[in-house]
Amino acid sequence: RDLTAQGRAAALANAGKVRLRPGNLEEAVIYPSKAQNLGAPKGSVISLSAALIRMNRPEEAIETLSDLNGVSTPLKPIALHNRAMAQLQRHNAKAAYLDLLEAKRLAPGYAPAQELLTHFTLTPYPATADTGESALKS
């Protein structure tokens with residue numbers, strides 16, 4: 001049976017998820033990438049980003065998750081958690097922390113974000129005129 005482009009995209013996205021679980025990471029990247037090119041639902045970037053993170057390719061994972069418009073509300077906390085994990089691989093604690101706070105705001109009971117937030121320590125320092133921000137340490 002001949003699938004529509006949308007059907008092929010969904011099938012490829014699912015094939016990537018299936019390959020991610022046992023750790024077949026190269027294929028877990030190839031299939032969802034093809035799915036994205038065919039117009040897969042935006043939520044399929046979650047499994048793609050997870051594979052990229054496991055392959056220690058944080059820049060690509062962050063790029064994949066750079067635009068979360070179109071990711072359904074129930075999936076946004078997962079996407080934000082994945083992006084935070086990639087930011088931590090890049091040693092960008094501030095960006096990771098902000099993504100985790102947003103994930104927690106969207107889904108207060110989302111345990112992975114809550115657990116990861118416990119590893120952060122906020123260290124206040126005098127606000128500067130330029131930023132007015134506090135330092136973040138992970």
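Guide: In this predicted model, K76, P77, L80, H81, R83, A84, Q87 and L88 of helix α5 meet A93, A95, A96, D99, L100, E102, A103 and L106 of helix α6. By class, this contact of α5 with α6 comprises 10 nonpolar, 2 polar and 4 charged residues.

Visitor: Why are α5 and α6 called roughly antiparallel?
Guide: Their axes make an angle of about 165° and lie 8 Å apart. The label applies to angles over 145 degrees, so α5 and α6 are roughly antiparallel to each other. The crossing of α5 with α6 is left-handed.

Visitor: What makes α3 roughly parallel to α5?
Guide: Helix α3 packs on α5 (residues 76-89) at an angle of about 20°, with 10 Å between the axes. An angle under 35 degrees counts as roughly parallel, and therefore α3 gets that label relative to α5. This crossing, too, is left-handed.

Visitor: Which residues of α3 and α5 meet?
Guide: I46, S49, A50 and I53 come from α3, and I78, A79, N82, M85, A86 and Q89 from α5. Sorted by class, the contact holds 7 nonpolar and 3 polar residues, with no charged ones.

Visitor: Why is α3 described as largely enclosed by the rest of the structure?
Guide: A residue is buried when its relative accessible area is under 20%. Of the 10 residues in α3 (residues 45-54), 9 are buried, so the helix is largely enclosed. The buried ones are V45, I46, S47, L48, S49, A50, A51, L52 and I53. Just after α3, N56 has a positive phi of about 60°.

Visitor: Is N37 buried or exposed, and how do you know?
Guide: N37 sits in helix α2 (residues 25-37). Its relative accessible area is 70%; the cut-off for exposed is over 50%, so N37 is exposed. From N37 to A5 the C-alpha distance is 9.9 Å, although the two are 32 residues apart in sequence.

Visitor: How many aromatic pairs does a search of the whole structure find?
Guide: The search finds 1. The pair consists of Y97 and F120, whose ring centres are 5.3 Å apart.

Visitor: Why is the pair of Y97 and F120 called tilted?
Guide: The planes of Y97 and F120 stand at 50°. Stacked needs under 30 degrees and edge-to-face over 60, so the pair counts as tilted. Y97 belongs to α6 (residues 93-106) and F120 to the loop between α7 (111-117) and β1 (121-123), so the pair ties together parts 23 residues apart in sequence. Y97 and F120 are both buried.

Technical notes
Residues are numbered from 1 along each chain as its sequence is written. This is a predicted model: local features need pLDDT of at least 70, side-chain atom pairs count only at pLDDT 80 or more; totals for chains, interfaces and linings use all residues. Side-chain values use heavy atoms; hydrogens and water are left out. Buried means under 20% relative accessible area, exposed over 50%, partly exposed in between (1.4 Å probe, protein chains only). Helices (H or I, at least four residues) and strands (E, at least two) are DSSP runs, numbered from the N terminus. Rings of Phe, Tyr and Trp (its six-membered ring) pair if their centres lie within 6.5 Å; planes under 30 degrees apart count as stacked, over 60 as edge-to-face and the rest as tilted. Axes are lines fitted to C-alpha atoms, for helices over the stretch in contact, and angles run from 0 to 180 degrees between N-to-C directions. Angles under 35 degrees count as roughly parallel, over 145 as roughly antiparallel, 65 to 115 as roughly perpendicular and the rest as oblique. A crossing is left-handed if the near helix is turned anticlockwise from the far one by less than a right angle, and right-handed if clockwise. Contact means heavy atoms within 4.5 Å. Ala, Val, Leu, Ile, Met, Phe, Trp, Tyr, Cys and Pro count as nonpolar, Asp, Glu, Lys and Arg as charged, and the others, Gly among them, as polar.
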